[in-house]
Amino acid sequence: MTTDTAARNPLAALAFGPRRPLLTAAVFLVTLGCGIAQLAHRPLYDAVVRDPTHIDNGQWYRLLTGMFFQDGWASGLVSNLILLAVFGTIAERVFGRWRWAILYFVCGWFGQLMSYLWLNPVGAGNSMCVAGLIGGLAILILMAPSRYGVTPPLQLRIAAYAVPVLAVVDTAVSDNHGLPCLLGMLLGYFLLPKPELKA
């Protein structure tokens, strides 16, 4: 890998997954479709939002649909899709598709569950899913020197060290993104690709 390539793509040496982020693209399109449907037919949101009153009455599906619709409406949809496109593409490239799916959906569902039980009972959004991917990427960067013999740039290592700190602070102020991020770090540790998978 040349110096220019490393500068443009500092995680290229850790790219164990497919070149084309097809899973990220598929989830992006589904989330976009749900967001457009929500904006076109506003009552749809009331039927799918994470709402403890309805969940307590047996509508557990809301802990899943809450991952595809947005309580931030248009602005939330745009910002969350941008985050998904950026971090989803990187995570799929370095983790591969099945590990990506575990990080995204398990952390997202965990975030929805903990929001319902504790932190922020009413809401929706895929940002907690992306937080799981960010946690996974953070542990990958932190483990890269010892596991893969790759030392990511200093700014990436600083950002990776900041992730768990910010996740704990986030949880302490009763926001619901910190816990799925921390779970992403934990799952990411066990999902780290084996060094020999790299061609």
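Tutor: Trp 109 is partly exposed, with a relative accessible area of 37%; buried means under 20% relative accessible area, exposed over 50%, and partly exposed in between, for a 1.4 Å probe and protein chains only. The model is predicted, so local features need pLDDT of at least 70 and side-chain atom pairs pLDDT 80 or more, while totals for chains, interfaces and linings use all residues. Residues are numbered from 1 along each chain as its sequence is written, and side-chain values use heavy atoms, leaving out hydrogens and water.

Trp 109 belongs to helix 7, where helices (H or I, at least four residues) and strands (E, at least two) are DSSP runs numbered from the N terminus. Leaving aside residues up to four places away in sequence, Trp 109 touches Leu 63, Leu 64 and Met 67; contact means heavy atoms within 4.5 Å. Asn 126 is 17 residues from Trp 109 in sequence, and their C-alpha atoms are 9.6 Å apart.

Helix 7 also holds Trp 100 and Tyr 104, which are 4 residues apart and thus separated by about one helical turn. An α-helix has 3.6 residues a turn, so residues three or four places apart point the same way. Both residues are buried: Trp 100 has 0% relative accessibility, and Tyr 104 has a relative accessible area of 0%.

Across the whole structure there are 8 aromatic pairs. Rings of Phe, Tyr and Trp (its six-membered ring) pair if their centres lie within 6.5 Å; planes under 30 degrees apart count as stacked, over 60 as edge-to-face and the rest as tilted. Tyr 45 is buried at 10% relative accessibility. By contrast, the rings of Trp 100 and Tyr 104 lie 4.7 Å apart at their centres with planes at 10°, so that pair is stacked. Phe 68, Trp 100, Tyr 104 and Phe 105 form one aromatic cluster.

Arg 42 lies over the face of Trp 73, at 4.1 Å from the ring centre; a charge sits over a ring if NZ of Lys or CZ of Arg is within 6 Å of the ring centre and within 35 degrees of the ring normal. Trp 73 also has a positive phi of about 55°, although it is not a glycine. Most residues other than glycine have a negative phi.

With Leu 14, Phe 95 and Tyr 148, Tyr 104 touches the most other members of the largest nonpolar core, which has 40 residues. Helix 8 gives the most to this core, with 11 residues. Such a core is a set of buried Ala, Val, Leu, Ile, Met, Phe, Trp, Tyr and Cys residues joined through side-chain atoms within 4.5 Å. Helix 8 is largely enclosed by the rest of the structure, because 16 of its 22 residues are buried.
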